[in-house]
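Thanks for coming. I will go through a few residues in turn, and then we can look at them together.

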Amino acid sequence: MSRYRFALKPRWILSHLFVLVMVLGMCRAGIWQWDRLQQRRDINARVEELQQETPTPVEDLAEPGDYAEGRKVEYTPVTATGTYLADQSVLVDGADHKGAAGAWVLTPLELDDGTIVIIRRGTIPNPGQLDAVPESVETPSGEVTVEGLARPTETRPEVNLGFTKLHFERADPSTGTLENMARVDLARLDQQIDGDVLPFSVSLRAQDPAVTADEPLPPNAPDLSEGSHFSYTVQWFTFSLMTVIVYGLILRRRAREIEREELDAQLDQPDPDDEPQPGDPRLTPDPGITPTDP
């Protein structure tokens, strides 16, 4: 192991620490992805279980303004009967519509007691950033019964750095009546709709009477796939293993180079024990060489 003594030099110790930090970081990323996979599996199992339950009337799930409870009932099958407030429909940008740019159509549904529940009725094409729900979008009139899945309110994503907060999406104006929004922010909608808005929306699955038009396109069923978390887990641990192997090979190569350099240096040095003795041919002049007088 003496040929690896170079690895104890300060610059190599720094190299060891750097590689160690990199490996630990990649392992931590792999563990995080594995945890995310387990969370996704738990959510999928819960959603599948909820789909077997009888729909619950929306007024029995949570009180208006209780957004924490609204998050707890996500994906719960619900039913509601009321009247659409078509003139207060709102668009939400950023939806996928048949693989292209689209927007959600949100329409308030007023229940018999005056409470409001926001219905995510589906998506429409939005290639040019529509300002409001087009008049061509059909909305059933009169009493309507809807069935769907409860979805929580959405807030503007942020990263808290301690001294400041970073936001990565546009903010909706805090005042005025909005017809186009960046997200399904139920607290913001509550500001401009008469009546108390429930703290969750309903992703529509069926309604009576049904809409005969092709749009809005009904929301997709919940995505129960596991995503890319497993492949990312494998990738991170593979990267960490490869880093250890490659770094080991680098150390081995450097050790061999040092060993070769030391061997070459030894061959270049005369052997003090190899002095010519009497009778050694090296002491006999070459007959082909004529001595020259000084």
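Start at helix H4, residues 229–268, where you will find Thr 233. Keep in mind that this is a predicted model.

Is Thr 233 buried or exposed? Its relative accessible area is 6%. The cut-off for buried is under 20%, so Thr 233 counts as buried. Leaving aside residues up to four places away in sequence, Thr 233 touches Gly 30, Gln 33 and Trp 34.

Stay on helix H4 and move to Leu 241, which also has its place there. Leu 241 has a relative accessibility of 52%. Exposed means over 50%, so Leu 241 is classed as exposed.

Now leave the helix for a loop. Glu 154 sits between strand S6, residues 143–152, and strand S7, residues 158–160. Glu 154 comes out at 30% relative accessibility, so this residue is partly exposed.

What does Glu 154 touch, if residues up to four places away in sequence are not counted? The contacts are Arg 120, Arg 183, Val 184 and Asp 185. With Arg 120 there is a polar contact between the side chains, at 3.2 Å. As for Asp 185, 31 residues separate it from Glu 154 in sequence, while their C-alpha atoms are 5.0 Å apart in space.

That is the end of my part.

Note on methods
Residues are numbered from 1 along each chain as its sequence is written. This is a predicted model: local features need pLDDT of at least 70, side-chain atom pairs count only at pLDDT 80 or more; totals for chains, interfaces and linings use all residues. Side-chain values use heavy atoms; hydrogens and water are left out. Helices (H or I, at least four residues) and strands (E, at least two) are DSSP runs, numbered from the N terminus. Buried means under 20% relative accessible area, exposed over 50%, partly exposed in between (1.4 Å probe, protein chains only). Contact means heavy atoms within 4.5 Å. A polar contact is a pair of N or O atoms within 3.5 Å; within protein, one must be able to donate a hydrogen and the other to accept it, and residues adjacent in sequence count only if both atoms are side-chain atoms.
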